[in-house]
Amino acid sequence: MILPIYVYGQPVLRKVAEDITPDYPELKELIANMFETMEHADGVGLAAPQVGLPIRVVVITLDPLSDELPEFKGFRRAYINAHIIEVGGEEVGMEEGCLSIPGIHETVKRADRIRVRYMDPDFVEHDEVVEGYLARVMQHEFDHLDGKMFIDYLSPLRKQMIRGKLNTMLKGKARGSYKMKQVK
Ligand code: NI
């Protein structure tokens, strides 16, 4: 089932999300719905707050990039209770967008190596060092779990440049090719 994606201005996007326990109701169904919603909207990542739930669940698919990055062929994973433990390596700039901030793409600098701790959908714990493109997507998505969005990293000048588009979202008048839940 495709879920509406919550847009900038929705308070849930600014909450710190909570860890969940294995008895969280219908988790498998939620994960399946998040994959479907993300893929329908042509995203590579989606965090639960973006579908209105303040819990630490994220889905990532890098399969659409596998023409250029063959190591990601079939890459489609869910992360439960995800946390970034360490940030290291070099800072690299790359353009990002977000399904909750339609129509805005800006360069964001992020570390190219991180250590993450999370559980898979069977609640097996993982502790991994991740590099490169996946490290970027994870940082973007796991930020959502701490109420952060990529526009928070922009310079005051870049923020000024996108102010008009953000105000359109705050008025509930954003447009996108997928189902959205806007304020008002
Ligand atoms: Ni996002």
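In sequence, the donor residues of the nickel ion follow the spacing C-x41-H-x3-H. Donors here are N, O and S atoms within 2.8 Å of the metal (3.2 Å for Na, K and Ca); water is not among the atoms, so sites may look incomplete. The model is a predicted one, in which local features need pLDDT of at least 70, side-chain atom pairs count only at pLDDT 80 or more, and totals for chains, interfaces and linings use all residues. Residues are numbered from 1 along each chain as its sequence is written, and side-chain values use heavy atoms, with hydrogens and water left out.

The nickel ion is coordinated by SG of Cys 98 and by NE2 of both His 140 and His 144, at 2.1 to 2.2 Å. The two histidines, His 140 and His 144, belong to helix α2 and lie four residues apart, about one turn of the helix.

Helices (H or I, at least four residues) and strands (E, at least two) are DSSP runs, numbered from the N terminus. Helix α2 comprises residues 132-145, and twelve of its 14 residues are buried. Among the elements covering these buried residues are β4 (76-96) and β5 (106-119). Just after α2, Gly 147 adopts a positive phi of about 75°.

In helix α1, the buried residues include Leu 27, Ile 31 and Phe 35. Just after α1, Asp 42 has a positive phi of about 60°.

Terms used
Expected span 1.5 Å × (residues − 1). Buried < 20%, exposed > 50% of the residue type's maximum accessible area, 1.4 Å probe, protein only. Contact = heavy atoms within 4.5 Å.
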